[in-house]
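Good morning, everyone, and thank you for coming. Please have a look at the structure on the screen, and I will then take you through a few of its parts.

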Amino acid sequence: MQNSEIIWELVDAKRQPFEALSDRVWGMPEIAYTEYRSVGEHIAMLKEQGFRITENVAGIPTAVMGEAGEGGPVIAILGEYDALPGLSQEAGIAEPKPVEAGGHGHGCGHNMLGSAALLAATAVKDWLARTGRPGRVRYFGCPAEEGGAAKAFMVRAGAFDDVDVAISWHPASMTKVDDALSLANTRMDFQFTGRASHAAAAPHLGRSALDAVELMNVGVNYMREHMPSDARIHYAYLDAGGIAPNVVQASAKVRYAIRARDLAGMLELNERVKKIAEGAALMTETTVSISIMSAVSNMLGNTPLEDAMFKNIDRLGPVPFDAADKAYAAKIQATLGPADILNDYRKTGIAPRENTPLCDFVVPQGTRGVPMIGSTDVADVSWKVPTIQARVATHAIGTPGHSWQITAQGKAPAAHKGMVHAAKIMAATAVDVISDETLLARAKKDHQERVTRTPYVCPIPADVKPPIKPRPAAAA
Ligand SMILES: [Zn+2]
């Protein structure tokens with residue numbers, strides 16, 4: 001019997017309570033840094049399974065670490081459980097219908113992400129106990145993936161200093177090894193301060209902070225022509241200076257998200273955007289204060305780990321969806337446009353298939369599509385230690401990210417099958433690393449080569465602390 005078959009049996013033996021955990025977390029959607037109830041559920045499960053628990057990782061009350069095993073290599077399995085604002089949605093239907101109007105929802109599937117990661121860690125713990133092999137597995141419950149960069153703060157605090165390899169996954173429409181493509185991303189706020197005055201009676205005495213923001217945006221929009229084509233810049237007004245057009249706006253605030261293909265490119269772009277802000281302040285005789293809210297790096301791949309994970313995906317095969325799973329996914333697909341579905345194939349790099357509501361195949365290794373990519377804080381872990389992620393089918397092909405359709409599919413039988421499949425892939429890869437010293441050595445060598453080319457700098461300034469939120473009274 002191969003190691004992978006033993007570990008898959010161990011995953012299957014405990015799937016039911018972890019599917020239930022995923023469903024409970026789905027039912028208590030909490031956004032960045034407020035995941036008190038969700039982390040409470042994960043801590044309770046870690047206790048039940050007999051892990052040694054460290055709460056408050058990196059000073060973040062909604063982060064937790066559970067460890068098992070002795071000696072040997074240290075394998076981190078990363079989980080998440082944060083939800084998204086505005087994506088409240090009833091489960092199991094195929095029309096938009098919020099559980100709570102304007103409420104939060106698991107529109108990125110992190111309820112499954114965390115539960116499958118904890119299931120994988122539990123199976124590895126059980127495998128270590130059964131085989132008596134040296135090795136440690138650590139489950140990291142990581143909050144605030146959505147815009148909160150918690151893992152970057154955790155890396156900065158040293159949470160991964162003695163970890164050998166990190167493994168994670170993300171719910172997806174197709175099953176594959178993750179491409180390890182993500183953009184470095186900074187969220188930066190620009191607070192402009194001017195002088196109020198009567199806009200008709202004394203306009204010459206006013207200095208408009210709103211003008212400054214508008215000029216800054218114009219400047220950045222002109223810069224777009226002269227920046228790398230794969231960089232992305234977006235902005236949102238946090239404060240437009242009030243609702244009175246007859247008062248010169250003394251205060252205005254804009255938040256920028258600045259994304260680039262790599263860390264060094266992003267740091268360069270950040271400085272150019274800052275110069276434009278300073279120019280806008282100079283033009284308008286206002287002042288500007290600039291603060292970084294959060295930042296993450298770009299993802300680094302790891303060829304030996306990608307090969308090892310793909311072997312497990314290939315051996316395990318596609319997620320075993322049945323006719324009922326496909327029928328529900330087809331209803332979800334009916335809510336999408338043909339462009340959504342084609343786009344999914346295009347970015348994956350495979351030819352579109354007819355009558356395939358759910359991924360009943362494995363995307364071959366090395367398939368490269370059109371990179372249409374966002375950002376993730378798993379990337380900062382990937383600069384610290386060799387890191388590998390799977391993407392496993394849990395929802396209909398074509399389902400857009402961060403959508404009501406993901407929330408709707410988040411506790412369907414297909415979601416449960418996908419998360420158990422993901423746990424098997426992660427656990428088997430962890431066991432491979434523990435059992436094969438040469439794999440670990442190759443993974444480390446590959447990582448070393450990537451980070452010596454451009455050494456890691458934490459993209460978050462040293463004085464910026466994680467924006468932790470107080471425990472709400474209801475979660476006390
Ligand atoms: Zn996500």
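I begin with two helices: helix 2 passes helix 13 in a right-handed crossing, where right-handed means that the near helix is turned clockwise from the far one by less than a right angle, and left-handed that it is turned anticlockwise. Helices here are DSSP runs of H or I with at least four residues, strands are runs of E with at least two, and both are numbered from the N terminus. This is a predicted model, in which local features need pLDDT of at least 70 and side-chain atom pairs count only at pLDDT 80 or more, while totals for chains, interfaces and linings use all residues. Residues are numbered from 1 along each chain as its sequence is written, and side-chain values use heavy atoms, with hydrogens and water left out.

Which residues of the two helices meet? Arg-15, Phe-18, Glu-19, Ser-22 and Asp-23 in helix 2 meet His-416, Lys-417, Met-419 and Val-420 in helix 13, contact being heavy atoms within 4.5 Å.

Turning to helix 7, which covers residues 263–284, we find Ala-281 in it. Is this residue buried or exposed? Ala-281 counts as buried because its relative accessibility is 7%, and buried means under 20% relative accessible area, exposed over 50% and partly exposed in between, with a 1.4 Å probe and protein chains only. Apart from neighbours within four places in sequence, Ala-281 is in contact with Phe-192, Thr-286, Thr-287 and Val-288. Its C-alpha atom and that of Arg-259, 22 residues apart along the chain, are separated by 23 Å.
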